[in-house]
Amino acid sequence: LSALRNLCKDKGLPIRGDQRRAGLLRLLREESWRLRGIPLDRIEHETVAQDLLDKVEAFEAQNIETLRSKSRSLRLPFHVLGDKAEMIACLTDYLVWQRMSTELLQSECQQRSTQKLKPEEGSQTNQTHDLLVTSLVEHRLVQAWRDAGQDKRITSFQAVERILKEVRRLEQLPLSELQKHFKMRGCPAEAGLARKTLLDRLTMALVWEALTLQEIRRECQSRDVCFTGLRSRNEAEQRQELTERLFTSVCHSAWETQGIPVKRLGGGPAAAKVVERIACLSELTLEELRVEFQALKIPAEAGEPAKKRELLKVLEKVAMWQEMPLKELQKDCREMEVSTSSLSGVRLSDAEQRKELIQRCCLGLFLLNWASQGVPVKRLECMQAALQVV
């Protein structure tokens, strides 16, 4: 008896000094029911509560896929949830509601701020009961969405179910397919982008698609994304266009963080080419990267970076230069103190100028390394001249 009293005290249960063994055991049973979401005060018989507890304990022993199958068999929407504990909590609520009286369900709807249904004249009690349970189930899914920290602007059951169903589908796809979905939205995924980040950005886009036009405009405003110039389009077209702009903005910000200068590259299309090129380079072996480096026609005397990371750094820079406007290439040459004066007054096509400027930028990369070693090679205009000094 003393051990039972101590156990009840440890759990913070209210016990009386004269409480017997049966009373203490009942307290512990009620606590077990309460912790699993079974409200004894709303269940008609204790045997019903025990039956519910057995079912919940069976849920706890099952994996999430089995629970999803159970949800589908009961025609419930909870299979779209991604967390096992939340799914069990939702299924438990459903089982409890099934055992509650219509009157108590009306009270439950009122407490949860769902619509309180008024029985139609001549309607059967069981029909009203089922409608109330359906209303509570839909409200419970929206509550699970909010409890998971998701966007609170999404308030309808249909929108939450649609988004979560698509998220669960995306989670089952291999990484290559996720990247395709990413690109279909107008932006390739940057190299090394984690699977979770891919899913998070795609989920973000699904949320935007579910917002009203006014909400999307406010989202654009908060992210400094232009939302004007669409008055000639209908509402659906405006929402689609603004969702694409938001997704592009998020991707561009991430690319800038990765060191890809979107604005200097002249905008999204050029930056997207760089992102795809860098993603391809990141998949190459050391030997394949060496082949790419040798294709730059940099004299062998300049030395080839020995490590994969160093090779990637050079090739990534070249990928950016190949898409940069000529003025930005000239700016990079000036910043690396590589002269371009010999190009002044010479009539060259844009392609020829680009080739010359990229060669000088490559020279600049080596100059920075050589200058740090005390070799006086700055202000030279070509790789060959630098090699003679070195």
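Thr66 is partly exposed, with a relative accessible area of 35%; the term covers values between buried (under 20%) and exposed (over 50%), taken with a 1.4 Å probe on protein chains only. This residue has its place in helix 4, and its C-alpha lies 9.7 Å from that of His79, 13 residues away in sequence. The structure is a predicted model, in which local features need pLDDT of at least 70 and side-chain atom pairs count only at pLDDT 80 or more, while totals for chains, interfaces and linings use all residues. Residues are numbered from 1 along each chain as its sequence is written, and side-chain values use heavy atoms, with hydrogens and water left out.

**Overall make-up**

- The chain contains 18 helices and zero strands; helices (H or I, at least four residues) and strands (E, at least two) are DSSP runs, numbered from the N terminus.
- Of the 390 residues in the chain, 42% are buried.
- Contact means heavy atoms within 4.5 Å. Among contacts between residues at least 6 apart in sequence, 49% join residues at least 24 apart.

**The largest pocket**

- The largest pocket has a volume of about 440 Å³. A pocket is defined on a 1 Å grid over the protein atoms alone, as an open set of points where a 1.4 Å probe fits, with protein on both sides within 12 Å along at least five of seven lines. Grid points are joined across faces, edges and corners, and the volume is the space filled by probe spheres set on the points.
- Its lining comprises 21 residues, and Gln150, Leu164, Val167, Arg168 and Thr203 are those nearest the centre; a lining residue has an atom within 4 Å of a point.
- Two or more lining residues come from each of helix 7 (125–147), helix 8 (157–171) and helix 10 (195–210). Helix 10 gives the most, with six residues.
- The lining is made up of 10 nonpolar, three polar and eight charged residues. In this scheme Ala, Val, Leu, Ile, Met, Phe, Trp, Tyr, Cys and Pro count as nonpolar, Asp, Glu, Lys and Arg as charged, and the others, Gly among them, as polar.

**Core and cysteines**

- The largest nonpolar core has 101 residues, of which Phe78, Trp255 and Trp321 touch the most other members. Such a core is a set of buried Ala, Val, Leu, Ile, Met, Phe, Trp, Tyr and Cys residues joined through side-chain atoms within 4.5 Å.
- Beyond its neighbours within four places in sequence, Trp321 is in contact with Leu329, Asp332, Met336, Arg354, Ile358, Cys361, Cys362 and Leu365.
- The structure holds zero disulfides, a disulfide being a pair of cysteine sulfur atoms within 2.5 Å.
- Cys251 is in no disulfide, and the nearest cysteine sulfur, in Cys187, is 4.1 Å away. Cys251 counts as buried, at 0% relative accessibility.
- Cys362 is likewise buried, with a relative accessible area of 2%. Its sulfur is too far for a bond from the closest cysteine sulfur, that of Cys361, because the separation is 7.2 Å.

**Loop residues**

- Arg75 is not a glycine, yet has a positive phi of about 60°. Arg75 belongs to the loop between helix 4 (64–73) and helix 5 (84–99) and is exposed, at 79% relative accessibility.
- Asp224, also not a glycine, has a positive phi of about 60°. Asp224 sits in the loop between helix 11 (213–222) and helix 12 (235–257) and is exposed, at 72% relative accessibility.
- Leu211, in the loop between helix 10 and helix 11, is buried at 1% relative accessibility. Leaving aside neighbours within four places in sequence, Leu211 contacts Arg153, Ile154, Ile216 and Arg239.

**Helix residues**

- Glu108 is part of helix 6 (residues 102–111) and is buried, at 9% relative accessibility. Apart from neighbours within four places in sequence, Glu108 is in contact with Arg42, Trp97, Met100 and Leu136.
- Gln179 is part of helix 9 (residues 175–184) and is partly exposed, with a relative accessible area of 36%. Gln179 and Ala189 are 10 residues apart in sequence, and their C-alpha atoms are 6.1 Å apart.
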